[in-house]
Amino acid sequence: MEVTPGACGITSKIYPLALPRGTEKFCELCQGPATLQCTKCRVTFYCDAEHQQADWAGIHERICPLLIPIRTQSLCSLTKADQIHVELKKVELMGICMSVAQSKLSERKYEEALPAAQFCLRCSMDVHSPSANHLIPAYLLLAEANFGVSNLALVTELLSQAEWAVLKSPECGHEIYQRLHRSLGRLQVATGNLDAALLNFANDIYHASEAYGLDSTVACRGHFLMADVFAKQGKTAIACSMFSEVAGTWHTHLTKHIETHIQNVQPSFDKSQHTEVDETLRTVLEFWQNEDRKNSGQIALVAHCLAMLWFLGGDSQKALGFGNVALQASQLIPNHDLTEPIQTLLQLVQNPQREQHPGCN
Amino acid sequence: MNAAVTHPHTETFLPEIPPNRKKRRKGSYYSRLEEPLKAGLVSEYSTHIPSIAEISKFRNSLKQNICVEILLEGFHRTFSELFYLLNSDRDRRESAEPGTDLARQTPLEEQKDKLETMRRHLSRAEQAERTRSWTVVCEQRLFLGRYFSSQEDLWLRLHFCHSCADREYGGRSRSATEARVHLAEHYLQTGELEQAQQQAEICIQQAEGGDWLDSDGQPLKLRGAKALWRIYLKIADPLLDAEEYRKALALLHIGYDEVLKTEDKQLEAEAAYGLGLTNQRAGDHKRAKQFFNTCMQIYSTLEDAEGLVKSYMAMAKSLQSEGNIDETVQWLEKSADVSLSSGQQHRLVDAYLRLGKIYNERSQSTRAYEFFLQGYEVACDVGDVSLLDQIQVRCSSMIVTALFQIFSVNFGPFVSQVIVGTLRAHRLMEKYSADIRSATPTALQRLLTWKDTRQPQDFSADDSDSAMD
């Protein structure tokens, strides 16, 4: 820790002669020949400092001590009980990696998510057999991380693996199908295969509705992705209709959140979704603002959503900005029923002390 | 080798081979064989390489396929609605008690026709919604409401009719108004009278201006008024039971006014009859008779024998309650005549029985007997056990109670015979009752001989008949 100021872990050079004969060490990230070693756990190796730092930031900092009992197993003769113990440790490790990767993904830190996702996949392969359907979530996670860094070739490969695994075990739940179809759809959008993307998103929405319900945010995101494709295809009527549905769903969700927020003071909103929702709503807002026929009602609705979102996220500056956009749009329509809630929200943002008193106008 | 050997043979055996083909490929027995084979295979492969969508049709459930197809067409609202309906169907069946009809119903998601119909019409409705053609939206939804008519699909009918009638836009269109009639009739059937009344009233209000016809070509206004009248009758029923006659009559008069507006004679007669009966129950026989008169006039212009008899009988009842027996008898005889000529056996029996009862009360047992006998014979002709039971009930008041009670336990038709038998006995006794009253020795002598010689058969049907003659 004292070597690098960014707390990147400490490494030392590997001395091949100090290792048992015939053991060759590989880099944790790229599987190339290793030259460095983590001095804390002494069981993790890297080809260079860059990979070591990436791994440290990604996952190693969190799991460094946990790796020791697992990776030193071959040195001692193990009893059955010990083996089970190690297996349990691995499962625990896998869970940690998955949650770390997921939270990094939702924060849009794809680079950092990569090591965690990769380790997660390796762990799952180790714990389950390499062909088991338990690997599907790990494949999907890694694919998503790679999608973030635009490594489409690898994404394609990983998703084919996942698809193959799903084909072999069609009994896996709607959640898995939903994630697979969404990843495939996004890949196809990125590669410009819009029709195939639509098919995948349609399946995505179906499975999301089965797993989480019609009004769930997951299904809503599916609708958004699909609407985006329709907009790209120039099918504006469909896109308009779907975008307004998305905005409507989010409006209901956020209004509910605001209500509980006012009553409980404590933030009740799921932070991990924040970036995704923000992106969704901004795209929708942009869509309406670029429309030839300005639909003030929709602009007001979406801007109101964004204002609520940022208010819940604690950024009063942005909340104020979007709130004003919403107010302007709503005032273009006489007697719009959104005007009053928007004004209420703006007052809330400006006088944060008063938010403890529910029911103030 | 083989090919080379058979080659000349095939040449000679084959009838006519076009020369140009022979030119093109020399001695190519195999190639000629392969050509069509290849072509067939290739064409089959090239046109039938299944797409991902086609493959998933086989792999996935019908529900998923339909949902995905709908979404691909961009009809996301149709998807949401269909998905919601399929899930509520599943919930309905799962929450039902095992073994009930509901639990045994075919799941909606397995009925392809219904799914396709819903998909087609909901998509059309959504398309129309985008272009803001609200009447089309309502038409499509009404179609679906009418499409689901079987008992197990009533909830779907209700869903679509409501979704048609309760729209913010287009809710005053013809289709939405018709949907309200369907709803009113449905709620009338299920006994949710408040809802029914509400729907029927809105329907009549909306149909006021236009000459709308429903999908079967019946005027909507008339259908609404008919439904409303029946709903009011049902609502009035418990009021009458609670003897709140004023309330009931006020309600029915509102309904009657609506009926008058439709200028439909049949319905007007029906309503007048209902109002007459209500007044009768309320004890206002004067007004009741007025309504029955209206009723009779309409029925006679319509030449509706059934309606006529019905109103004659009702009139007779009111007159009887007023104590006007002579006129009562007149109306009853009239109704008996009409029922006889128009073949309404049930009414005929009823008329005969009432006449018999009246005569019996006036102690004219001969006439009473005639009518009861006639009624009994007609009832026997019809062969209706319930009618025979009715005779038994009607006559019960005049029968020696003990005798009746003994037999009435299980032998409905049999008891009727007993009753008739008793009547015959009365007739027989009449012959001798004069002798008893006169109390002369000769009369006494006659009675004594009868007592000595009489046998059980004297009371049997045949004997008494001959005695009567």
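Trainee: Two strands count as paired if DSSP finds at least two bridges between them. In this predicted model, over how many bridges do S1(A) and strand S2 (residues 36-38) of chain A pair?
Mentor: The two strands run in the antiparallel sense. One contact is that of A:Ser12, whose bridge partner in S2(A) is A:Gln37. A pair needs at least two bridges, and S1(A) and S2(A) are paired over 3 bridges.

Trainee: Which strands of this sheet in chain A stand at the edges?
Mentor: The sheet is open, with 3 strands in the order S1-S2-S3 (chain A) and antiparallel pairing. Each edge strand has a single partner strand, so one side of it is left without a neighbour in the sheet; these are strand S1 (11-13) and strand S3 (45-46) of chain A.

Trainee: Which helix gives the largest share of the lining of the largest pocket?
Mentor: The largest pocket has a volume of about 1100 Å³. Among its 24 lining residues, the closest to the centre are A:Ser244, A:Asn295, A:Gln298, B:Arg77 and B:Arg132. Two or more lining residues come from each of helix H9 (236-264) and helix H11 (296-313) of chain A and helix H8 (112-130) of chain B. The largest share, 7 residues, belongs to H9(A).

Trainee: How many residues of the lining of the largest pocket are charged?
Mentor: Arg counts as charged, and B:Arg77 and B:Arg132 are among the lining residues closest to the centre of the largest pocket. The whole lining holds 6 nonpolar and 8 polar residues, while the number of charged residues is 10.

Trainee: Which helix gives the most to the lining of the second largest pocket?
Mentor: The second largest pocket, of about 940 Å³, is lined by 33 residues, and those closest to its centre are A:Glu144, A:Arg182, A:Arg186, A:Arg221 and A:Glu276. The elements of chain A that give two or more residues to this lining are helix H2 (80-106), helix H4 (135-148), helix H6 (174-190), helix H7 (194-212), helix H8 (217-232) and helix H10 (274-290). The lining divides into 13 nonpolar, 9 polar and 11 charged residues. With 8 residues, the helix that gives the most is H8(A).

Trainee: Between which domains does the largest cavity lie?
Mentor: The search finds 4 cavities of 30 Å³ or more, and the largest cavity has a volume of about 50 Å³. Its lining is made of A:Ala143, A:Glu144, A:Phe147, A:Val155, A:Leu159, A:Ser183, A:Arg186 and A:Leu187, with H4, helix H5 (152-168) and H6 of chain A each giving two or more residues. By class, this lining holds 5 nonpolar, 1 polar and 2 charged residues. Two domains of chain A give residues to the lining, so the cavity lies between domain 2 (76-172) and domain 3 (177-234).

Trainee: How many disulfides does the structure hold over all chains?
Mentor: A disulfide requires two cysteine sulfur atoms within 2.5 Å. The sulfur of A:Cys30 has its closest cysteine sulfur, that of A:Cys47, at 3.6 Å, which is too far for a bond. For A:Cys220 the closest is in A:Cys305, at 9.2 Å, likewise too far. Over all chains, the number of disulfides is 0.

Trainee: Is A:Cys220 buried or exposed?
Mentor: A residue is buried under 20% relative accessible area. A:Cys30, at 39%, is partly exposed. A:Cys220 has 3% relative accessibility and therefore counts as buried.

Note on methods
Residues are numbered from 1 along each chain as its sequence is written. Chains are lettered from A and ligands numbered from 1 in the order in which they are written. This is a predicted model: local features need pLDDT of at least 70, side-chain atom pairs count only at pLDDT 80 or more; totals for chains, interfaces and linings use all residues. Side-chain values use heavy atoms; hydrogens and water are left out. On a 1 Å grid over the protein atoms alone, a cavity is a set of points where a 1.4 Å probe fits but cannot get out, and a pocket is an open set with protein on both sides within 12 Å along at least five of seven lines; lining residues have an atom within 4 Å of a point. Grid points are joined across faces, edges and corners, and a volume is the space filled by probe spheres set on the points. Helices (H or I, at least four residues) and strands (E, at least two) are DSSP runs, numbered from the N terminus. Domain bounds come from an automatic or database domain assignment. Buried means under 20% relative accessible area, exposed over 50%, partly exposed in between (1.4 Å probe, protein chains only).
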